[in-house]
Amino acid sequence: SHLVFSSTTCDSNASFRLVAAKDIKEGMCLQHVDGADEVRKISTVYSEGVYSVVTEESSGYVLANGFKVSSFGVNHNIVNTYYNIHRVLYHFLPTSVLSSSILEKLNTIIGDIAAYFHG
């Protein structure tokens, strides 16, 4: 389940926090670039795999169809801290090191461990 910014109210004092998309209910509000947007209908899409959008943006937040969401499906702060390490390495290490088989294997091991505990 992805993490989305939501609030129980859509008024001007709405306080948005990250909530798992699976916990969103009709009548709640999502944070949109144009303001609070009330959830009117919910549908579920199932797919297989583990996917994360990782950008150079250090906040770890992205816009999906205008809605502010987390790039991650579990604890945003922990996962984003992990990727912030990658962002720093990306800027300071040469490409030859970043694409080395050792780093690729290490990333695969860490990803497998994360998937094991998540799934």
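**Salt bridges and a backbone angle**

Q: What kind of model is this?
A: It is a predicted model.

Q: OK. How many salt bridges are there?
A: The count comes to 2.

Q: What does lysine 22 pair with in a salt bridge?
A: Its side chain meets that of aspartate 23, at 3.6 Å from N to O.

Q: Is lysine 22 buried or exposed?
A: Lysine 22 counts as exposed because its relative accessibility is 61%, and the cut-off for exposed is over 50%.

Q: And what is the relative accessible area of aspartate 23?
A: The figure for aspartate 23 is 37%, so this residue is partly exposed.

Q: Next one. Which side chain meets arginine 40 in a salt bridge?
A: That of aspartate 37. The N to O distance for aspartate 37 and arginine 40 is 3.8 Å.

Q: How accessible are those two? Start with aspartate 37.
A: Aspartate 37 has 26% relative accessible area, so it is partly exposed. Arginine 40 has 64% relative accessibility and counts as exposed.

Q: Why can side chains like that pair at all?
A: Opposite charges can pair when the charged atoms come close.

Q: Switching to backbone. Which residue has a positive phi although it is not a glycine?
A: Asparagine 65, with a phi of about 55°.

Q: Where is asparagine 65 found?
A: In a loop. The loop with asparagine 65 lies between β5 (61–64) and β6 (67–70).

Q: Is asparagine 65 buried or exposed there?
A: Exposed. Asparagine 65 has a relative accessible area of 73%.

Key: Residues are numbered from 1 along each chain as its sequence is written. This is a predicted model: local features need pLDDT of at least 70, side-chain atom pairs count only at pLDDT 80 or more; totals for chains, interfaces and linings use all residues. Side-chain values use heavy atoms; hydrogens and water are left out. A salt bridge is a side-chain nitrogen of Lys or Arg within 4 Å of a carboxyl oxygen of Asp or Glu. Buried means under 20% relative accessible area, exposed over 50%, partly exposed in between (1.4 Å probe, protein chains only). Helices (H or I, at least four residues) and strands (E, at least two) are DSSP runs, numbered from the N terminus.
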